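Here is a short report on one protein model. Look at the fold first, then follow a few residues through it.

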Amino acid sequence: MAIVRLTDAQRDAALAELPRWNLRADGLAIEAELKFGDFNEAFGFMTRVAIYADKADHHPEWFNVYSTVRVTLTTHDADGLSERDVAMARFIDSIA
Ligand SMILES: C[C@H](O)[C@H](O)[C@H]1CNC2=NC(N)=NC(=O)C2=N1
């Protein structure tokens with residue numbers, strides 16, 4: 001299913017409200033590195049995001065080592081950023 005890609009202006013406006021997130025060099029994804037107290041907290045966070053992802057049918061790319069989680073958000077069906085990435089970033093910020 002095709003999903004509409006954000007315009008550069010929409011992307012920049014969204015990023016201005018998401019200070020924790022950085023635009024990837026190619027402009028097609030946003031990234032954040034999150035630190036937790038220990039692995040239990042990090043994996044608890046990932047579990048909550050996984051439940052959101054399953055419900056939203058929108059899935060993060062991520063990497064975990066012990067208490068650190070690196071998250072990349074992009075919309076494969078839009079070949080770049082969509083409103084779904086912004087919504088997921090906002091959800092992540094609300095629970096991290
Ligand atoms: C078939 C299924 O709905 C799609 O492949 C969904 C699943 N999760 C997804 N997640 C992300 N990040 N981008 C997508 O384009 C995407 N598409």
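Predicted model: local features only at pLDDT ≥ 70, side-chain atom pairs only at ≥ 80, totals over all residues.

## Terms and model

A residue is called buried when its relative accessible area is under 20%, exposed when it is over 50%, and partly exposed in between, using a 1.4 Å probe and protein chains only.

Residues are numbered from 1 along each chain as its sequence is written, and side-chain values use heavy atoms, with hydrogens and water left out.

## Overall fold

The protein has 3 helices and 4 strands. Helices (H or I, at least four residues) and strands (E, at least two) are DSSP runs, numbered from the N terminus. Along the sequence the order is α-β-β-α-β-β-α. The radius of gyration is 13 Å, close to the 12 Å that the globule rule gives for 96 residues, so the protein is as compact as a globular protein of that length. That radius is taken over C-alpha atoms, and the rule is 2.2 Å times the number of residues to the power 0.38.

The C-alpha atoms fill a box of roughly 40 × 25 × 20 Å along the principal axes. Of the 96 residues, 40% are buried. A contact means heavy atoms within 4.5 Å. Take the contacts between residues at least 6 apart in sequence: 64% of them join residues at least 24 apart.

## An aromatic pair

The structure holds 3 aromatic pairs. In one of them, phenylalanine 39 and phenylalanine 43 have ring centres 5.5 Å apart and planes at 35°, so this pair is tilted. The rule covers rings of Phe, Tyr and Trp (its six-membered ring): they pair if their centres lie within 6.5 Å, and planes under 30 degrees apart count as stacked, over 60 as edge-to-face and the rest as tilted.

Both phenylalanines lie in helix H2 (residues 39-56). They are 4 residues apart, about one turn of the helix. Phenylalanine 39 is partly exposed at 38% relative accessible area, and phenylalanine 43 is partly exposed at 43%.

## Two loop residues

Tyrosine 66 sits in the loop between strand E3 (61-65) and strand E4 (68-73). Its phi is positive, about 50°, although it is not a glycine. Tyrosine 66 is exposed, with a relative accessible area of 52%.

Aspartate 79 lies in the loop between E4 and helix H3 (83-95). Its phi is also positive, near 50°, in a residue other than glycine. Aspartate 79 is exposed at 57%.

## A strand residue and a helix residue

Is leucine 73 buried or exposed? At 1% relative accessibility, leucine 73 is buried. This residue belongs to strand E4. Leaving out residues up to four places away in sequence, leucine 73 touches Trp21, Leu28, Ala29, Ile30, Pro60, Leu81, Asp85, Met88 and Ala89. Leucine 73 and histidine 59 are 14 residues apart in sequence, and their C-alpha atoms are 7.9 Å apart.

Now return to glutamate 83, which lies in helix H3. Glutamate 83 and alanine 14 are 69 residues apart in sequence, with 9.0 Å between their C-alpha atoms.
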